[in-house]
Amino acid sequence: MKLSFETDAGIGTRANLGVIVLETDETLEAEFCRIIRCAGVALYHSRIAMVPEIRPETLLRMEQDLPASARLLPPALQFDAIGFGCTSASTVIGSQRVAAAVQTLCPSAQVTDPLAAVIAAGRAMGIKRFGFVTPYVPEVSMKMRQRLEDAGFEIAGFGSFEEGNDRVVARISEASILQAIVAVAEQDACDAVFVSCTNLRCLDVIAQAEAKIGKPVISSNLALAWHMLRLAGIKDKNPQFGQLFGYDLAV
């Protein structure tokens with residue numbers, strides 16, 4: 001017996017979001033599944049090749065692979081926003097070039113990355129001075145600091161785990177991340193603390209860290225998810241994930 005059926009609009013009745021995740025990343029997908037849990041919002045993942053060692057030359061190689069990763073997102077969908085899930089590579093490649101590479105396959109999608117997202121978050125929240133936590137080797141951290149300063153932010157306190165292996169970064173404990181946030185916030189007066197890297201497990205310590213330091217805490221994954229949702233016109237508030245989700249994009 002041939003069965004009859006009807007079709008509907010699918011999962012993403014409000015928005016379809018795509019995110020390109022590093023081959024070595026063990027954190028982003030799990031955190032995104034919790035953050036982007038909004039009715040009518042569909043989230044799709046693709047992966048991009050990446051060696052474990054995080055250095056400028058290895059990060060730069062990903063630019064040429066971005067179109068192939070975008071091609072693996074469901075082709076039947078019109079994506080509202082696509083995120084590239086690597087803060088350090090976005091810093092080295094540049095957000096405009098990241099967007100151009102993705103839009104060769106998905107020309108109608110708005111494209112963001114963690115660096116562009118934290119800049120948008122900082123402007124939406126009126127932040128002037130960031131405390132800055134990274135896991136990176138000094139040359140990568142310095143480049144990112146320069147990008148933030150070029151965007152008009154001052155860097156107050158700074159600290160890094162100085163770990164070049166992404167597999168090790170994924171194993172840095174939440175307690176260590178919380179301790180780092182508090183230590184950096186205490187170095188110098190800041191308006192918020194930014195914790196960079198999509199592979200750091202920040203989501204479960206953000207609210208606790210904000211309570212301890214009395215200031216907003218923004219992680220790469222939190223900023224990227226927030227920016228993708230806001231670019232897609234989704235303004236749902238998720239206060240359990242920290243102060244950022246109380247804000248819309250700056251006009």
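The legends below describe close-up views of a predicted model.

Residues are numbered from 1 along each chain as its sequence is written, and side-chain values use heavy atoms, without hydrogens or water. Because the model is predicted, local features need pLDDT of at least 70 and side-chain atom pairs count only at pLDDT 80 or more, while totals for chains, interfaces and linings use all residues.

View 1. The protein is divided into domain 1 (15-114 + 223-246) and domain 2 (116-219); the bounds come from an automatic or database domain assignment. Taken over C-alpha atoms, the centres of domain 1 and domain 2 are 19 Å apart. In contact across the boundary are 35 residues of domain 1 and 37 residues of domain 2 (contact: heavy atoms within 4.5 Å).

**View 2. The largest pocket.** A pocket is an open set of points on a 1 Å grid over the protein atoms alone, where a 1.4 Å probe fits, with protein on both sides within 12 Å along at least five of seven lines; lining residues have an atom within 4 Å of a point. The largest pocket holds about 190 Å³ of space, the volume being the space filled by probe spheres set on the points, which are joined across faces, edges and corners. Its lining consists of Ser-90, Gly-94, Ser-95, Gln-96, Leu-115, Ala-116, Ile-119, Arg-123, Arg-147, Asp-150 and Ala-151. Helices H5 (95-103), H6 (114-125) and H7 (138-150) each give two or more residues to this lining, and H6 supplies the largest share, four residues. Helices are DSSP runs (H or I, at least four residues), numbered from the N terminus. Domain 1 and domain 2 each contribute at least three lining residues. By class, four are nonpolar, four polar and three charged (nonpolar: Ala, Val, Leu, Ile, Met, Phe, Trp, Tyr, Cys and Pro; charged: Asp, Glu, Lys and Arg; polar: the others, Gly among them).

**View 3. The second largest pocket.** About 150 Å³ of space lies in the second largest pocket. Among the residues that line it are Ala-70, Arg-71, Leu-73, Phe-79, Leu-105 and Cys-106. The lining comprises nine nonpolar residues, two polar and one charged.

View 4. With a disulfide taken as a pair of cysteine sulfur atoms within 2.5 Å, the count is zero. For Cys-38, the nearest cysteine sulfur is that of Cys-33, 12 Å away. Cys-38 is buried, at 9% relative accessible area (buried: under 20%, with a 1.4 Å probe and protein chains only). The sulfur of Cys-190 is too far for a bond, because the closest cysteine sulfur, in Cys-202, is 15 Å away. Cys-190 is also buried, with a relative accessible area of 6%.

How values were computed:
Buried < 20%, exposed > 50% of the residue type's maximum accessible area, 1.4 Å probe, protein only.
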